[in-house]
Amino acid sequence: MTKARKKIRVRVKKRPLRIDIATLFPDMCETVLNESIVGRARRAGKIELHCHQIRDYSNDKHRRVDDTPYGGGMGMVMQAEPIYRCFLGVTDGFARKPHVIYMSPKGTVLTQKKAVELSKMNNLFIICGHYEGVDQRVIDKIVDEEISIGDYVLTGGELPALVLTDAVARMCGGVLSSEECFQEESHFSGLLEYPHYTRPEIWEGEHVPSVLLTGHHRNIAAFRHEEAVKITKERRPDLYKLFTESINMNDK
């Protein structure tokens, strides 16, 4: 009688999140992305980041990527074709279309919840606009969502793209030393973060709160939670309202 074959489970290693940034200023983006925690994670292979020069995909002999807007108006508008050619060139050979984001003041404002959601995807393709914006037709053709980092206007999409990349990257596995590094941060739990203290114990006559010196973890956790609630109530009543509503819902 033959022995039953033992099933062998093969674990498929999940590829790190890949983020491609289409920009007119790739060197600017590279400078930021090569530094600090994100830079270390990038070099360690915890996240894959690529910056692409949109001008490389222009058919114009002078590598122009903009033109005057139809209907008149101030400024210039980025053409659809170079952006679309950049997208096709970068994603050629991809198993599936990446999630495409256009950084825009008209977009939905970035939140911690959105950063966590995007960190769970396989591929992100971020388009950085410039001048007066981007031809709407390429947005309609390839963009999945527009994201803003706040209710103000910048000269280009590079800084917003870097903010988004940083917020998303730090949520990826292995980028930070442990999940505790972000689980108690502002916005992650719906509250602003509690205040922090370090040595010396007394500075300029001001003492560190005594509870933090006790080593009593439960009391310290309670103190930090109370401080987080108090700060959120004072500075962000909108978040405090959502927080209290969620507690009431859970109590029902």
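## The chain as a whole

Of the 252 residues of the protein chain, 38% count as buried, where buried means under 20% relative accessible area, exposed means over 50%, and partly exposed lies in between (1.4 Å probe, protein chains only). This is a predicted model, in which local features need pLDDT of at least 70, side-chain atom pairs count only at pLDDT 80 or more, and totals for chains, interfaces and linings use all residues. Residues are numbered from 1 along each chain as its sequence is written, and side-chain values use heavy atoms, with hydrogens and water left out.

The protein chain has nine helices and nine strands; helices (H or I, at least four residues) and strands (E, at least two) are DSSP runs, numbered from the N terminus. Among its contacts (heavy atoms within 4.5 Å) between residues at least 6 apart in sequence, 73% join residues at least 24 apart.

## Strand β6

Strand β6 covers residues 123-128, and six of the six are buried, so the strand is largely enclosed by the rest of the structure. Asn-123, Phe-125 and Ile-127 are buried on one side, and Leu-124, Ile-126 and Cys-128 on the other, which leaves both faces covered.

## Neighbours of β6

Two strands pair if DSSP finds at least two bridges between them. Strand β1 (residues 18-23) runs parallel to β6, joined to it by five bridges; here Arg-18 has Asn-123 as its bridge partner.

Strand β5 (residues 99-109) also pairs with β6 in the parallel sense, over five bridges, and Ile-101 stands opposite Ile-126. From β5 the chain crosses through helix α4 (residues 112-119) to β6 in a right-handed β-α-β crossover: with the strands pointing away from the viewer, the path from the first strand over the helix to the second runs clockwise.
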